Amino acid sequence: MLAATADAMATLARTPPMGWMSWEVFRCDVDCAKAPNDCIGERLYQTTADAMVAGGYVAAGYDTVHIDDCWEQRSPPRDERGRLAPNATRFPSGMAALARYMHDRRMRLGTYSDEGTQTCGKYPGSKGHEHVDASTFAEWGVDYLKLDGCNEPHAAYPAGYAAMGAALRATGRPIVFSCSWPAYLGDNE
């Protein structure tokens, strides 16, 4: 089993992952009463996946739906086991069910966290919780993780991003790791 996992990780993302990420259009829209079909919630990701299948995008290789920031519950920031949890109102079926929904359509599920203590949208970040967060994402069936770098000094990036990379590898699940660190370097701030 370990050799098979190592082989899967060695060939993970040999070409650029292609799919759809919610940030560019929906940002942190969490008001589902106002916009029930366009808020950060499971309905948005399910209908997007279905449209990608129906439109031929999945057959063309655009096979990933990525949840960006603002999917988490804020209070309490972690459950009794120290794990991140999705907002129960907006993701009533939970993330494992959403991952199965994607996998049933031959798609992948991507999610988001931050290298700091908070995400850009001020939701709980992964700093100091890399192993529990990576294990949680793996248990849910997540296939892709975008790790942002808001609310954290640049000097902390080398250790923080490396910690999440090691934690993801330790899960044994092949998860594409999208490191946003370069976006914070140079003139991109």
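Where is Asp143 found?

Modeller: Asp143 is found in the loop between α5 and β4, where helices (H or I, at least four residues) and strands (E, at least two) are DSSP runs numbered from the N terminus. The model is predicted, with local features requiring pLDDT of at least 70 and side-chain atom pairs counted only at pLDDT 80 or more, while totals for chains, interfaces and linings use all residues. Residues are numbered from 1 along each chain as its sequence is written, and side-chain values use heavy atoms, without hydrogens or water.

Asp143 is buried, at a relative accessible area of 12%; buried denotes under 20%, exposed over 50% and partly exposed the range in between, with a 1.4 Å probe and protein chains only. Beyond the residues up to four places away in sequence, Asp143 touches His103, Arg108, Leu109, Arg173, Pro174, Ile175 and Val176, a contact being heavy atoms within 4.5 Å.

After α5 comes Gly141, with a positive phi near 95°.

A pair of aromatic rings is described by the distance of the centres and the angle of the planes. Rings of Phe, Tyr and Trp (its six-membered ring) pair if their centres lie within 6.5 Å; planes under 30 degrees apart count as stacked, over 60 as edge-to-face and the rest as tilted. The whole structure holds nine aromatic pairs. In one of these, Trp71 and Trp140 lie 5.7 Å centre to centre with 80° between the planes, an edge-to-face arrangement.

Tyr157 is buried at 0% relative accessible area, and Tyr161 is buried at 4%. Elsewhere, Trp20, Phe26, Tyr45 and Phe91 form one aromatic cluster.

Charged ends also meet aromatic rings. A charge sits over a ring if NZ of Lys or CZ of Arg is within 6 Å of the ring centre and within 35 degrees of the ring normal. The charged end of Arg105 is placed over the ring of Tyr101, 3.5 Å from its centre. For Arg74, the ring is that of Tyr123, with the charged end 3.8 Å from the centre.

Tyr123 is also in contact with Cys28, as are Trp23, Ile40, Asp69, Cys70 and Gly121, leaving aside neighbours of Cys28 within four places in sequence. Cys28 lies in the loop between α2 (23–26) and α3 (42–54). Its relative accessible area is 28%, which makes Cys28 partly exposed.
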